[in-house]
Amino acid sequence: MGKGRKMAHKSLAEMIDKQELARLRGDTTIREVGRYMVDHHVGSVLIMEGEELKGIFTERDALNIFVATRRNPDLTTAADVMTDHPQTINVNASYEDALHLMTDGGFRHVPVIDDDGKVLGVVSQRDLLEDEA
């Protein structure tokens, strides 16, 4: 690639196209959340009540719960330990906007929403960085 040429990136809509929404309820135990993440090969799960986004639970959260706090995963629910009301990004935002949001916020997953606030999927730093390759 020549100097000064900008690389074309996939849109957020393209990144989440065909993505199955990884979502569970807040009363799901952390053990069940962990099993879901392993079985579905996902790094985050949206915690939702109906269509309303309540929070997000990520691999980093799992590490903190299981290693740092020694909480019982059978007695701890997603609602107990999720990130409440996570930041979201509009599906029409740019690749750069998503990367800056995650970098500035110190997180690796961000829910993608439409203009009406409906959750469409999740984009991760890994998704963004793989698109750069």
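This is a predicted model: local features need pLDDT of at least 70, side-chain atom pairs count only at pLDDT 80 or more; totals for chains, interfaces and linings use all residues.
Residues are numbered from 1 along each chain as its sequence is written, and side-chain values use heavy atoms, without hydrogens or water.

**Helix 5.** Helices are DSSP runs of H or I with at least four residues, strands are runs of E with at least two, and both are numbered from the N terminus. I took buried as under 20% relative accessible area, exposed as over 50% and partly exposed as in between, with a 1.4 Å probe and protein chains only. In helix 5 (residues 95-105), I found Tyr-95, Ala-98 and Met-102 buried. Seen down the axis, they fall within an arc of 70°, so they line one face of helix 5; the arc is that of the directions from the helix axis to the C-beta atoms. His-100, Thr-103 and Asp-104 are exposed on the face turned away.

**Strand 6.** I then looked up His-109, which lies in strand 6 (residues 109-113). His-109 counts as buried because its relative accessibility is 15%. Contact means heavy atoms within 4.5 Å. Beyond its neighbours within four places in sequence, His-109 is in contact with residues including Met-102, Ile-56 and Glu-59.

**Helix 3.** In helix 3 (residues 59-69), Asp-61, Ala-62 and Ile-65 are buried. On the other side of helix 3, I found Leu-63, Val-67 and Ala-68 exposed.
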